[in-house]
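Please look over the sequence and the structure shown here before reading on.

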Amino acid sequence: MAGIDLQPADKAVFGRLKSTGHITHSLRRVMTQQWNRCCVCGKAVTHNRPAFAGYDTSGIPLLVGAECADRLSELATPVYWTGKLDLSVPDRQFVWRYMDFGKFVTMLKQRGLFVPAADTFEDRFEGAIGLANRQVAWDQFYLDFFRQAVTTLPPGVPPQVKSEDEIEVECKRLLNDFKSDSRNIRKTLVSCWHANDGESEALWRLYCPPSTLGIAIKTTAEHLWSIGAARPDVLVGRVHYVDFAKAFASNDIERIFCKRASLRHENEVRLVLSNDRKHPTPGALIPYDLNLLIQQVVVSPFAPSWFSETVSDVIGKYGMGFNVRSSELADEPFY
Ligand SMILES: [Zn+2]
């Protein structure tokens, strides 16, 4: 958690523009995809300085460094990206979902993407900060951080006399607030996809094992962004695999993009939506034209030969026109 070192050029931006907090879907997408690179000059923003997210005079969303901030006519928010995860996924990256046929038919029927809450998933580590036996170390780190924040006042703020005991009570309160906030992360709505240019035999075996009827649908990261176009809170990003014996997950929403290193083979890309804090739902259906979303349906290499025709029939019955093909794993070799 390195400190922020504001330079005169950064202060000049804050002097000229006040943050409006107005973050549209397009701006969030630019902020995620650019991560720390200025949209204008392409340079990475210096590590301990802010980037500026906003809009030019035509309303085009931009993320820029202070040196190119004259292009902004509205500042939505500064971005202190130090320590943030790079979630960016190229728009053209192919992403897949492997599923049993029942789930696929439900999807056709619902005419959209069902996005479940992460706490309904099997993985107990969804939204976890780290390993239970390292909790004391994490608490200690944040208590130290809060102690410093409470006792180091910004210039111009008159010193408040506080006893050691009062400081300890205040820091523990801050830690508890921070933790209860972070428990909400487990309620985040998450749709999981596998990033890969081609098929994965491992994922076929995992999600559509022999003697089951399964298919995989293929789309691109760009389409995942489009699904959430009506929601300014949507995030599409790649998962980071964390060795929890040595590290903790990130803070805030980025935590939902952190999984155990043992799941690295999933090479996951997630579409993430916030859940209602007071009345969280177990999942939400995002209506979307599946003809736009699904570029291809691939039939499991482990399914019986009659199954392909059934898949095509059912797709036709729901008025869809996807490209259906059999798995490349079923291709014949020559010697
Ligand atoms: Zn620049």
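Domain bounds, as used below, come from an automatic or database domain assignment. On that basis, the centres of domain 1 and domain 2, taken over C-alpha atoms, are separated by 32 Å. This is a predicted model, in which local features need pLDDT of at least 70 and side-chain atom pairs count only at pLDDT 80 or more, while totals for chains, interfaces and linings use all residues. Residues are numbered from 1 along each chain as its sequence is written.

**Confidence**
- The protein chain averages a pLDDT (the predictor's confidence in each residue, from 0 to 100) of 92, and 97% of the residues score at least 70.

**Domains**
- The assignment for the protein chain gives domain 1 (8–79), domain 2 (94–126 + 188–329) and domain 3 (132–183).
- Six residues of domain 1 are in contact (C-beta atoms, placed from the backbone, within 7 Å) with eight residues of domain 2.

**Helices H4 and H5**
- In H4, residues including Tyr142, Leu143 and Phe146 take part in the contact with H5, where the partners include Ile167, Leu174 and Phe178.
- Among the elements of the protein chain, H5 has the lowest mean pLDDT, 86.

Technical notes: Contact = placed C-beta atoms within 7 Å. Helix = DSSP H or I, 4+ residues; strand = E, 2+ residues; numbered from the N terminus.
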